[in-house]
Amino acid sequence: LTDELVARIEGLARARVKERLVTFYTARRGGAVAGYAVIHGHVVRTKRETLSIAFEPDGRIRKITVLAFLEPEEYRPSERWLAQFRGKGAADRLAVGQDIAPITGATLTARGIAEESRWLLQALREAAPEVPR
């Protein structure tokens, strides 16, 4: 991501872009876009977490999957907690304690996933011309 693009994404997402290398994958069915996906990691507290985020063709989140979680297991988010991101898009606030429920005892995990989701939603809008603005 260029400096200009990072500044725009950070402003729209209200989140810091910590890693500039992002690869979005496009799934197609019969020539039409069926969705997008990204695999991205970040540091939760002192150790890394890697997420897979699948997006609908219109850019809304379809599913978040934790691929790797190196922090203690008690801080790992449940599938039920991750499901609340389903259907959320770039226009949603995605703020822990507001439209995203907190995780008791795992505040850094919750905030990290919310921030990653916010800026990756904005980055997808910049990267994929088919996603509505």
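Guide: Charges first, then: there are 22 positive and 17 negative side chains in the protein, and the centres of the two sets are 2 Å apart. Bear in mind that this is a predicted model.

One of the residues worth a stop is Lys47. You'll find Lys47 in the loop between β2 (32–43) and β3 (48–55). Lys47 counts as partly exposed because its relative accessibility is 42%. Leaving aside residues up to four places away in sequence, Lys47 touches His42, Leu70 and Glu71. Take Leu70: 23 residues separate it from Lys47 in sequence, yet C-alpha to C-alpha the two are 5.6 Å apart.

For a contrast, hop over to Gln122, which sits in helix α3 (residues 107–127). Gln122 has a relative accessibility of 4%, so it counts as buried. Its contacts, again skipping residues up to four places away in sequence, are Ile9, Leu12, Ala13 and Ala90.

Now zoom out. The protein has three helices and four strands, and along the sequence they run α-β-β-β-β-α-α. Of its 133 residues, 42% count as buried. Look at contacts between residues at least 6 apart in sequence, and 45% of them join residues at least 24 apart. The C-alpha trace spans about 45 × 35 × 25 Å along its principal axes. The radius of gyration is 14 Å, which agrees with the value near 14 Å for a compact globule with 133 residues.

Methods
Residues numbered from 1 in each chain as written. Predicted model: local features only at pLDDT ≥ 70, side-chain atom pairs only at ≥ 80, totals over all residues. Heavy atoms only, no water. Helix = DSSP H or I, 4+ residues; strand = E, 2+ residues; numbered from the N terminus. Buried < 20%, exposed > 50% of the residue type's maximum accessible area, 1.4 Å probe, protein only. Contact = heavy atoms within 4.5 Å. Rg over C-alpha atoms; globule rule 2.2 N^0.38 Å. Lys, Arg positive; Asp, Glu negative; His and termini not counted. Charge placed at Lys NZ, Arg CZ, Asp CG, Glu CD.
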